[in-house]
Amino acid sequence: EPADPARSDRPSEADGVDNGVPTPEEQLALAVRYAPRVWLHPAERFGPLDPSVFVGASFLGWRLRRGAARVEQLGHVKAIRLGVRCGQAPGGCYEHDGYLSRELTRPFTLKRARPQNLNLRRGFFLDVEDRERRGQAGRNPESPVFFEFRRTPDELLVTYWFFYGYSRPHVVPGLRGGDLIRDQLSHEGDWENVDVALSPDASEPVALYLYGHGTPSRVRWGQVEPGPSGHPLVYSARDSHASYARAGPVRVCNPLGCALDVSAQGFSWDTWTTLRPVKAEPWYGFGGAWGAAGPVGDRTGPLGPSRWKLPADPDPGDIAPVSH
């Protein structure tokens, strides 16, 4: 049985260097060939968003015990000063109290790579203007989609990253604790992803990994719903953007209560039209939160694509499916 990427503790390769994967030209061709058509719900309120627009409409803050310090003012944040290559940028990396924006500093993220003396509740975050939370609505959004390659012992994985300006659980009357779930698990910034698993020699697709809320569901390629020209179909749940192989409702719960992931064929997003290699982006490797820092981790923006973020890493507000 192929290794579950959710159980891999190997980080993504840093600084745009890949080991044991195809050349950049081959990667782009494969990524285009297997990129999904994502179906957005017809009532989606928080559509896809270009991360560069998010950065440009944010201020860069540092979470303190009470309140926050502004490291860079609204409208002046430079993406190149956030990521792994920030040391080469004019002005260098953003810095606060000796910590750099390219270090793992997202508040409430506990990993070995986090600076040893940094309080768990401290760290960088991007706080976007509320008007940008809505993203781009309508058919075939022009927002970019990002890809990267990595290997497990049994598969070559193409990870596709999607970004949204806001994530909110969809609650309906009658679900236990719905209002509490919505209040406690909504957050700015939402990095979602799916993986296409290829055979080790990249000669054929073998599976699709869908990350409904962290833990992936592995769908054999022969059971994947085909879209145009063989592109796989993926359904994005309304407002939460969890990914599913089929349309329909899925009840998701945690100890606080339950919400309803609802997906349907509303607006299509043909992701192969706007693909970019994620490690070439100037903000790649930013170690802070993509979104405002709340009082707890579930109300704080997520960590974005970087050497520390695997596709199966939990994101803010992750809750488990109960039934379909």
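**Ground rules**

I'm working from a predicted model, where local features need pLDDT of at least 70, side-chain atom pairs count only at pLDDT 80 or more, and totals for chains, interfaces and linings use all residues. Residues are numbered from 1 along each chain as its sequence is written, and side-chain values use heavy atoms, with hydrogens and water left out.

**Disulfides**

I searched the whole structure for disulfides and got 2; the cut-off is a pair of cysteine sulfur atoms within 2.5 Å. Counting bonded cysteines along the chain, I get the pattern 1-2, 3-4.

I looked at Cys86 and Cys93 to begin with: they are joined with an S to S distance of 1.9 Å. The torsion about their S-S bond is about 80°, so I noted this disulfide as right-handed. For burial I used relative accessible area with a 1.4 Å probe and protein chains only: buried is under 20%, exposed is over 50%, and partly exposed is in between. Cys86 comes out buried at 0% relative accessibility, and Cys93 is buried at 13%.

Then I went to Cys253 and Cys258, whose sulfur atoms sit 1.9 Å apart in a disulfide. Here the S-S torsion is about 105°, so this disulfide is right-handed. Cys253 and Cys258 are both buried.

**Salt bridges**

My rule was a side-chain nitrogen of Lys or Arg within 4 Å of a carboxyl oxygen of Asp or Glu. That gave me 13 salt bridges.

One of them pairs Arg37 with Asp270, at 2.6 Å from N to O. Arg37 is in strand β1 (residues 37-40) and Asp270 in strand β16 (residues 267-270), so the pair ties together parts 233 residues apart in sequence. Strands here are DSSP runs of E, at least two residues, and helices are runs of H or I, at least four residues, numbered from the N terminus. Both Arg37 and Asp270 are buried.

Next I checked Asp239, which meets Arg45 in a salt bridge at 2.6 Å, N to O. This pair links distant parts of the chain, 194 residues apart: Asp239 is in the loop between β12 (233-236) and β13 (243-244), and Arg45 is in the loop between β1 and α2 (51-56). Asp239 is buried at 0% relative accessible area, whereas Arg45 is partly exposed at 29%.

What else does Asp239 form a salt bridge with? I found Arg238, with the closest N and O atoms 3.5 Å apart. Arg238 is buried, as is Asp239. I logged Arg45, Arg238 and Asp239 as a network of salt bridges.
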